[in-house]
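My entries follow in the order in which I checked them.

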Amino acid sequence: MQAFDSIPKLPQALIDTLKQLRYEIMTPIQESSIPILLDGKDIIAQAKTGSGKTAAFGIPLIHAINTKKRNPQALILCPTRELADQVAKELRRLARYKENLKILTLCGGTPMRPQIASLERGAHILIGTPGRIQDHLSRETIYLKDIHSLVLDEADRMLDMGFYDEIKKIISNLPRKRQGMLFSATYPENIQKLSREILNNPEMIKVDTEHDDLVIHEVGIEIEEQKREEMILQIFKSYKPETVIIFCNTKVETVSLTDSLRDKHFAALDLQGDLDQRERNETLLKFANGSVCIMVATDVASRGLDVKDVSMVINYDLPHDPEIYIHRIGRTARAGAEGIALSFYSFRQKEKLLEMAPSIDLLSTEHLRIDKNFVLQSKNATLCIDGGKKNKLRPGDILGALSKEIGISGDHIGKIDIFDFQAYVAIDKKSIRKAYEGIKKGKIKGRNFRVWWLD
Ligand code: ADP
Ligand code: MG
């Protein structure tokens, strides 16, 4: 476990930024990748979700950008728009020390024209999904001849989604002389093939420390199917989690479990493939800002997402595949915090479960210690304000209005997420009504905004 300043090639301004972000020591993947990448070598890195891969490639990549030039110099391919947004967010934080560095995301589901305009204005780092980047290439609205760093993030997932050809096509448009980084949770044959084709003599880095495994406590409970829902309530009162992700194997079950938890007044939302982009984003945002404490999800909808500090994962259905089991339980115990991964299983599934999870503790339900007084509740609610970056609204403006004009105490104001035309603000439930009324009646930066109270 080493501090970032043990790497002599990193500038002091970056070290200071990392201190502000409270990145004190490197994660294992960062410790092994950053020095190799600073030497200009290619890497293949395998590490589980939540191990800090973004900063592992992001720090050397940002370091290598020359902001005096305006053509794109780095290209990061991600499987989904959410992941691209997450990478962009993390890189923007890491790049605070580098003035004028422009990071642009290029994903589907948003109009082409503003993206083209942004590309024309110049950007140093491009982050996007293979489909959309390919679109830009075929319209010749993107210039890739000065790209010297290439990242494939969650490469296995991109291949799962059928992006092999797009990826190859995009890369055939890049200069030969470049640094390549491939990140993947698994290393199946098709990834090996892709690495041989696009990387130059890569170093292999694999990090999966036992220490990481120790902080996830795996528990199994044998139960009949129709009793699971009720058991969940007991489990909440016994483990007293703050946030929970419940995995189901089908969309239908995901939706119906969410509905019945909501009927019982839990702040639960579903995350499954039938939601549109906006609904998905809103769900994730509310979970991340503490307005929703239970997310019921399918695997497809939730893979790779960076949701932080999840205290508990429940396998309502056992996954069919051990890899998915690992992915699911990896949602808890991120960046060092302890988590519980609890799986329901039927008598018939016992062997399958023990094969998937050899170190699991099988619990009998009589041993649950129930605290009758505990109620799993979300701390916050969310206000959605009808103004964003394009209306020149900044987090400081909203914070100012809420605290100075409306009189909400600072510790009741949570995460502020600002988009082009909207802002979402997490407010402690104790102050939500006051904040809502205040914004509805008052002004922010001298202007009226519409506001919605999302529960
Ligand atoms: P991965 O891509 O491996 O799933 P991320 O890069 O998304 O993981 O990082 C997971 C979380 O850990 C992020 O919230 C990130 O801000 C945080 N993180 C990354 N590196 C460090 C560090 N050195 N110290 C503390 N937190 C870190
Ligand atoms: Mg990642």
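Conventions. This is a predicted model, in which local features need pLDDT of at least 70 and side-chain atom pairs count only at pLDDT 80 or more, while totals for chains, interfaces and linings use all residues. Residues are numbered from 1 along each chain as its sequence is written, chains are lettered from A and ligands numbered from 1 in the order in which they are written, and side-chain values use heavy atoms, with hydrogens and water left out.

Confidence. pLDDT is the predictor's confidence in each residue, from 0 to 100. I read a mean pLDDT of 91 for the protein chain, with 96% of its residues at 70 or more. Over residues 209-214 pLDDT stays under 50, and the model has three contacts there beyond four places in sequence; a contact means heavy atoms within 4.5 Å. Where pLDDT is low, the predicted coordinates should not be read in detail.

Parallel sheet. Helices (H or I, at least four residues) and strands (E, at least two) are DSSP runs numbered from the N terminus, and two strands pair if DSSP finds at least two bridges between them. I traced an open sheet of seven strands with parallel pairing, in the order S10-S11-S9-S12-S13-S8-S14. S10 (268-271) and S14 (361-363) are at the edges with a single partner strand each, so one side of each has no neighbour in the sheet. Neighbouring strands are turned by 20 degrees against each other on average, direction ignored. Axes are lines fitted to C-alpha atoms, for helices over the stretch in contact, and angles run from 0 to 180 degrees between N-to-C directions.

I followed one pair: S8 (residues 216-222) and S13 (residues 339-345) run parallel and are joined by seven bridges. Glu218 has Ala341 in S13 as its bridge partner. Helix H13 (residues 277-288) packs on this sheet, touching S9 (244-247), S10 and S11 (294-297), at about 135 degrees to S10. Helix H15 (residues 322-329) lies across S8, S9, S12 (312-315) and S13, at about 150 degrees to S12.

Antiparallel sheet. I found four strands in an open sheet with antiparallel pairing, ordered S16-S17-S15-S18. S16 (413-418) and S18 (451-454) are its edge strands, each pairing on one side only. Four bridges link S15 (residues 380-385) and S18 in the antiparallel sense, and Ile385 has Val451 in S18 as its bridge partner. Helix H17 (residues 395-405) lies across S15, S16 and S17 (423-428), at about 145 degrees to S16.
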